[in-house]
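Here is a friendly set of notes for someone opening this structure for the first time. Please keep the sequence and the model side by side as you read.

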Amino acid sequence: MSARWLEDELNGAGIQAERRTKHKAKKPLGRRRLETLTADAETGEAGDDIIRRLMALGHITEVVAELKSGKEATAYVARGPHGSVLVKLYRDLEARSFKRDGVYREGQVILDQRAARAMASRSRKGLEMLQAGWVSAEYAHLWHLWSAGLQVPEPLVGPSPFEYSATTPAVLMRLIGTEDQPAPRLSDAPLTPEEARNAWKQSVQGMADLLRLGYAHGDYSTYNLLWWENTVTIIDFPQLTTRQNPNFTELLRRDAQSLATSFRKHGIQADGETTLREVQRRAAGQGPAPRVVLP
Ligand SMILES: Nc1ncnc2c1ncn2[C@@H]1O[C@H](COP(=O)(O)OP(=O)(O)OP(=O)(O)O)[C@@H](O)[C@H]1O
Ligand SMILES: [Mg+2]
C-alpha cells in the first residue's frame, strides 16, 4: 500500500467529515410519518419492519422523532422500557462508509473465506455482511468503552452479541440530553470561553482514555462529541481501530489534527502535533473508574 493511497483514503474521510458540518436541525416527524413507521400489521399498513422488530423485541415502545438523517444512518429518538433511547439505524447498503471502510478494516482477519469474498465483491450479501459487522462493531465498542468507565452513551442491548445482533441494522443506546432537547454536538453548541476550555480538556482526555485502551477513534472531532450539562460524550464508534491496523499511527495523528482544527471555532488554538503529544502523555496516566455491568 502506498502512502499516497492512504493519504487519498484519509482525505476522502476528511471530505466526508467536512460534509457532515451541514447539521440538520432536529426535525420532529409529522404524526403521519411516525404512524407509518410504527404501524402494525392489523391496520393494513406496512410500517417499518426494523422499527416493528425493535418493538416486538421489547426494546422500544414508541418512536418520538427523527433526530437526524445522515447519508449512512438515521438517528431516531425513541422511548423504551428504561427511558429515552437513541436508535441509530443504518439503512443504505450502498452508503459511502462501507466503500471507504477499507482503511479502518485493514489488519482485520476474516476467517471465513466465502464471507471475505462476498465482502470484497460488494455483492448485496457481502454488503449486508459488512453492515452487520459495522453494527456489531459499534455495539461491541460501546460495551467495552462504557464498562471501562469512558464518557460514551450506555448501550441498551447486550452485552451478549447474541442479543444485540437481533437489532441489526440498528444500534440502540441511551439518549444524551432529553427528548425535547437532545444534546447538541460540540460543533453546534455555543460555548463561553470557559466552557470551551472545559470541553477541550475533556475531549483531549477522552481521546487519551481511548488510546490507553489501545484505540484510535478514526473520526474524532467536534462532529462526534456531544455537549450536555458541561460534559463531553464521545459518539460514533464503528470505525474505531486498534494497533493491529497498519494505519493506526496515521489515524491517531489525523484524529488529533481534526480535534484541534474543529475546536478553532470555539477559540481554542492548538496544533495537531501538540495535541497528539498531550493525548499520549495523558494516556500514560490513570484512567476512569470502570463501571460494573450486571449480566
Ligand atoms: N446517544 C446519543 N444521544 C443523543 N444524540 C445522539 C446520540 N448518538 C448520536 N446522536 C446524534 O445522532 C447523530 C448521528 O450519530 P452518529 O454520529 O453516531 O452517526 P453518523 O453515521 O456519523 O451520522 P451522520 O453522518 O449523520 O453524522 C449525531 O451527530 C448526534 O447528533
Ligand atoms: Mg457522526
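The points below go from the whole chain to the ligand, the core and some local details.

1. **The chain as a whole.** Please bear in mind that this is a predicted model. The chain has 295 residues, and buried residues make up 35% of them. Its secondary structure comes to 11 helices and 8 strands. Of the contacts between residues at least 6 apart in sequence, 63% join residues at least 24 apart.

2. **Around ligand 1.** Which residues come nearest to ligand 1? Among the 22 residues around the ligand, they are Gly70, Ala75, Pro153, Ile176 and Asp236. By type, the shell divides into 12 nonpolar, 3 polar and 7 charged residues.

3. **Where the shell comes from.** Three strands, β1 (62–69), β2 (73–80) and β3 (83–90), each supply at least two residues of the shell around ligand 1. Domain 1 (24–174) and domain 2 (193–283) each contribute at least three residues to this shell.

4. **The largest nonpolar core.** In soluble globular proteins, nonpolar side chains tend to be buried together. Here the largest nonpolar core has 62 residues, and the members that touch the most others are Tyr76, Ala78, Val85, Val87, Leu142, Leu172 and Met207. Helix α7 gives the most to this core, with 8 residues. The core also draws at least three residues from each of domain 1 (24–174) and domain 2 (193–283).

5. **Strands β3 and β4.** These two strands pair in the antiparallel sense over 5 bridges. Valine 87 stands opposite leucine 172 in β4, and both Val87 and Leu172 are among the core residues that touch the most other members. Strand β4 (residues 170–174) is mostly covered, with 4 of its 5 residues buried.

6. **Leucine 142 and proline 155.** Leaving aside neighbours within four places in sequence, leucine 142 is in contact with Val152, Pro153, Pro155, Met173 and Phe237. One of these, Pro153, is also among the residues that come nearest to ligand 1. Proline 155 has its place in the loop between α7 and α8. Is proline 155 buried or exposed? Proline 155 counts as buried because it has 24 C-beta neighbours inside 10 Å, the cut-off for burial being 20 or more. Not counting residues up to four places away in sequence, proline 155 touches Tyr139, Leu142, Trp143, Trp146 and Met173. The C-alpha atoms of proline 155 and leucine 172 are separated by 6.2 Å, although the two residues are 17 apart along the chain.

7. **Tryptophan 134.** This residue is found in helix α7. Tryptophan 134 is buried because 23 other C-beta atoms lie within 10 Å, where 20 or more are needed. Beyond residues up to four places away in sequence, tryptophan 134 touches Tyr90 and Pro238. Its C-alpha atom is separated by 9.4 Å from that of threonine 168, which is 34 residues away along the chain.

8. **Two cis peptide bonds.** Where do the cis bonds fall? The bond from threonine 168 to proline 169 is cis, with omega near 5°, and proline 169 is placed in the loop between α8 and β4. The bond from glycine 158 to proline 159 is also cis, with omega near 10°. Proline 159 lies in the loop between α7 (124–147) and α8 (161–164). Both bonds deserve a look while you have the model open.

9. **The hairpin of β6 and β7.** Strands β6 and β7 run antiparallel and are joined by 4 bridges. Tryptophan 228 has threonine 231, in β7, as its bridge partner. The hairpin has 2 residues between the strands, and glutamate 229 takes a positive phi near 50° there. Asparagine 230, in the loop between β6 and β7, has a positive phi near 60°.

10. Are glutamate 229 and asparagine 230 buried or exposed? Glutamate 229 is exposed because 7 other C-beta atoms lie within 10 Å, and 12 or fewer count as exposed. Asparagine 230 is exposed too, with 10 other C-beta atoms within 10 Å.

Methods: Residues are numbered from 1 along each chain as its sequence is written. Chains are lettered from A and ligands numbered from 1 in the order in which they are written. This is a predicted model: local features need pLDDT of at least 70, side-chain atom pairs count only at pLDDT 80 or more; totals for chains, interfaces and linings use all residues. A residue is near a molecule or strand if its C-beta atom, placed from the backbone, lies within 6 Å of it. Ala, Val, Leu, Ile, Met, Phe, Trp, Tyr, Cys and Pro count as nonpolar, Asp, Glu, Lys and Arg as charged, and the others, Gly among them, as polar. Domain bounds come from an automatic or database domain assignment. Two strands pair if DSSP finds at least two bridges between them. A nonpolar core is a set of buried Ala, Val, Leu, Ile, Met, Phe, Trp, Tyr and Cys residues joined through C-beta atoms within 7 Å. Two residues are in contact if their C-beta atoms, placed from the backbone, lie within 7 Å.
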